[in-house]
Each structure stands twice: as C-alpha cells, then as structure tokens.
Amino acid sequence: MKQPTFPNAAAEETKSEQNQTAPKQKSKKFPTAAELISHYQKQGGLEPAEASVKVIEDLQNALVRVASSSKNASSKSKLLADARKIDAISGRLAVVDAKLETKPGYVETFALGLASGAALNGISAVWPHVTRGIGQVWSAVKSGTDPSAAS
C-alpha cells in the first residue's frame with residue numbers, strides 16, 4: 001500500500017481505482033435465454049423443456065423480487081395505481097353483468113310480446129266503444145249548455 005504524500009492524493013488515488021474498476025462492472029452483460037437454458041442443461045442435467053421452465057421460473061421470481069423491493073417505491077405506487085384501476089374496471093364489469101342478468105331471456109321476451117299483442121288487440125276492440133261514449137258525453141254537455149236549445 002502506497003503512502004500518499006498529500007491528503008488530497010489519497011482521494012485522487014481512490015477515485016482513479018474506482019474509475020479503473022468501473023469499466024469492468026459496465027462490461028458485465030446479462031446472459032441470454034439460450035445461455036441460461038444451456039447452463040441448466042449442463043448443471044442440472046435437465047432436458048431442454050425442463051430447463052426452459054426453470055429459466056422462466058427464475059425470471060418470474062426475479063420480477064416478483066424487483067416489484068416487491070422497498071427500493072422501488074415509485075414502482076410500488078405505480079403497481080398500486082394499476083391495481084386500483086383493475087379493481088375499478090372489475091367493479092364496473094360486475095355492475096354490467098348484474099344488469100345483463102336482470103334482462104329477460106328469449107322465453108320471457110316472447111311472453112311479453114304475446115301479452116302486449118293481446119293488450120293491443122283488446123284496446124283496438126274496446127276503442128270504438130270508448131270513443132262513442134266520449135262523443136255521447138260531449139254532445140250531451142254541449143246540448144245542455146247551448147243557450148239556443150233552451151228557448
């Protein structure tokens with residue numbers, strides 16, 4: 001270990017050592033999916049399909065760890081916001097589903113159509129009698145209040 005000649009020289013040496021190790025850290029790249037599968041085939045003696053499943057499980061576990069870590073508070077709030085949106089959409093779909101379940105089916109609709117047709121036929125059969133009665137009441141009131149009929 002070297003003895004620095006000046007107090008600032010120690011800080012400069014530390015910075016230069018960090019700069020020398022920094023490119024080594026940046027050059028580290030993540031393995032590809034094919035490399036991970038071949039790794040599991042060599043290490044665990046797994047078949048390609050089993051190794052693929054193992055790689056997928058590891059990636060899912062890593063995703064869960066990243067999503068649940070306390071370091072990513074902003075991503076947590078984003079996940080909570082997304083969960084609230086999903087809950088709101090689920091609630092709206094439940095309301096729509098409940099409304100659709102209360103609508104009549106084909107049999108009920110056919111029965112309502114028959115009943116309304118019968119009601120219309122009944123009204124059309126009664127309508128002439130109702131209008132004739134209203135006309136008679138109107139003429140009786142008109143003749144009773146007409147001053148020329150009293151003379």
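Visitor: How do you know that the span of helix α2 (residues 33-44) agrees with expectation?

Guide: In this predicted model, α2 has 12 residues, which at 1.5 Å a residue should span 16 Å. Just after α2, Gly45 adopts a positive phi of about 65°.

Visitor: What makes the contact between Lys54 and Asp58 a salt bridge?

Guide: The rule asks for a side-chain nitrogen of Lys or Arg within 4 Å of a carboxyl oxygen of Asp or Glu. The N to O distance between Lys54 and Asp58 is 3.9 Å, so the pair meets the rule. By this rule the count comes to 1 salt bridge.

Visitor: How are Lys54 and Asp58 placed in helix α3 (residues 48-68)?

Guide: They are 4 residues apart in α3, and therefore separated by about one helical turn. In general, an α-helix has 3.6 residues a turn, so residues three or four places apart point the same way.

Visitor: Why are Lys54 and Asp58 called partly exposed?

Guide: The class lies between the buried limit, under 20%, and the exposed limit, over 50%. Lys54 has a relative accessibility of 33% and therefore counts as partly exposed. Asp58, at 26%, also falls in that class.

Visitor: Why is Leu120 called exposed?

Guide: Exposed requires over 50% relative accessible area; Leu120 has 58%, so the term applies. Leu120 lies in helix α5 (residues 106-145). Together with Ile123, Val126, Trp127, Val130 and Ile134, Leu120 forms a nonpolar surface patch with about 610 Å² of accessible area.

Visitor: What is the span of α5, and where is its kink?

Guide: The 40 residues of α5 reach 56 Å from the first C-alpha to the last, close to the 58 Å expected at 1.5 Å a residue. A kink of about 40° lies at Val126, shortly before the proline Pro128.

Visitor: What is the secondary structure of the chain, and how much of the chain is buried?

Guide: The chain has 6 helices and 0 strands. Of its 151 residues, 3% are buried. The chain exposes about 13,400 Å², of which carbon and sulfur atoms supply 64%.

Definitions and conventions: Residues numbered from 1 in each chain as written. Predicted model: local features only at pLDDT ≥ 70, side-chain atom pairs only at ≥ 80, totals over all residues. Heavy atoms only, no water. Helix = DSSP H or I, 4+ residues; strand = E, 2+ residues; numbered from the N terminus. Buried < 20%, exposed > 50% of the residue type's maximum accessible area, 1.4 Å probe, protein only. Areas by Shrake-Rupley, 256 points an atom, 1.4 Å probe, with all protein chains shown as cover. Patch = residues over 30% accessible without salt bridge, like charges linked within 9 Å, V, L, I, M, F, W, Y side chains within 5 Å. Expected span 1.5 Å × (residues − 1). Bend = angle between axes of the 7 residues up to and from the residue.
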